[in-house]
Amino acid sequence: MSFYKVLVINGPNLNLLGTREPEIYGSDTLASLQEMLDKKAKELGIELIHFQSNHEGDIVDIIQKTRNEVSFCLINAGAYTHTSVAIRDALCGVDLPFYEIHISNVHKREEFRHHSFLSDKALGVIVGFGVRGYVYALENAYYYLTNK
Ligand code: DQA
């Protein structure tokens with residue numbers, strides 16, 4: 001039985017994981033990442049809602065639509081991290097605690113990736129640990145939910 005539902009959002013181009021710049025993002029696909037997370041979620045008794053979109057408004061919509069269902073969000077907003085006030089506003093607007101995740105270490109990449117519209121609102125930021133960062137984030141979301 002699951003006590004908590006967690007929304008896992010992957011933004012633009014993360015559907016290409018596995019073939020997209022593997023030297024930066026590794027060889028795991030989005031499906032294998034989701035499988036890895038589902039396994040961990042099952043161990044923890046958490047139910048996951050997986051959502052990937054290349055469209056900013058769709059990400060805003062899923063945050064609004066699931067607002068009464070989910071207790072936490074893990075979000076890799078991809079490039080929207082660096083541009084989207086709308087996604088920031090949606091997360092703040094529904095008062096959803098979240099961790100921001102990046103597969104790559106954005107701080108050792110181009111300067112435009114150093115700024116995030118989400119970081120100062122996130123409970124935590126996980127950067128540069130590859131896809132394992134998501135698993136770490138889920139474990140910490142569980143810790144947060146069961147200790148608050
Ligand atoms: C990313 C980093 C972003 O700068 C980039 O636009 C992505 C992926 C990451 O997971 O490392 O799409 O969020």
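What covers the buried residues of H4? A few notes on this predicted model, starting there.

1. The cover over the buried residues of H4 includes helix H3 (56-65), along with E3 and E4. Helix H4 itself spans residues 85-93, and its buried residues are Ile-87, Arg-88, Ala-90 and Leu-91. These four sit on the same side of H4, because the arc they cover around the axis is only 160 degrees.

2. Have a look at the ends of this helix too. Ser-84 caps the N-terminal end of H4, with a side-chain oxygen 3.4 Å from the backbone nitrogen of Ala-86. Just after H4 comes Asp-95, which has a positive phi of about 55 degrees.

3. Now for the largest nonpolar core, which has 25 residues; the ones touching the most other members are Val-6, Leu-37, Leu-48, Leu-74 and Leu-138. Two or more residues each come from strands E1 (4-10), E2 (46-52), E3 (72-76) and E4 (98-102), and from helices H2 (30-44) and H5 (132-147). H5 gives the largest share, six residues.

4. Setting aside neighbours within four places in sequence, Val-6 contacts Ile-46, Glu-47, Leu-48 and Ile-49, then Val-70, Phe-72 and Leu-74, and finally Leu-138 and Leu-145.

5. As general background, nonpolar side chains tend to be buried together in soluble globular proteins.

Conventions
Residues are numbered from 1 along each chain as its sequence is written. This is a predicted model: local features need pLDDT of at least 70, side-chain atom pairs count only at pLDDT 80 or more; totals for chains, interfaces and linings use all residues. Side-chain values use heavy atoms; hydrogens and water are left out. A nonpolar core is a set of buried Ala, Val, Leu, Ile, Met, Phe, Trp, Tyr and Cys residues joined through side-chain atoms within 4.5 Å. Buried means under 20% relative accessible area, exposed over 50%, partly exposed in between (1.4 Å probe, protein chains only). Contact means heavy atoms within 4.5 Å. The arc is that of the directions from the helix axis to the C-beta atoms. A polar contact is a pair of N or O atoms within 3.5 Å; within protein, one must be able to donate a hydrogen and the other to accept it, and residues adjacent in sequence count only if both atoms are side-chain atoms.
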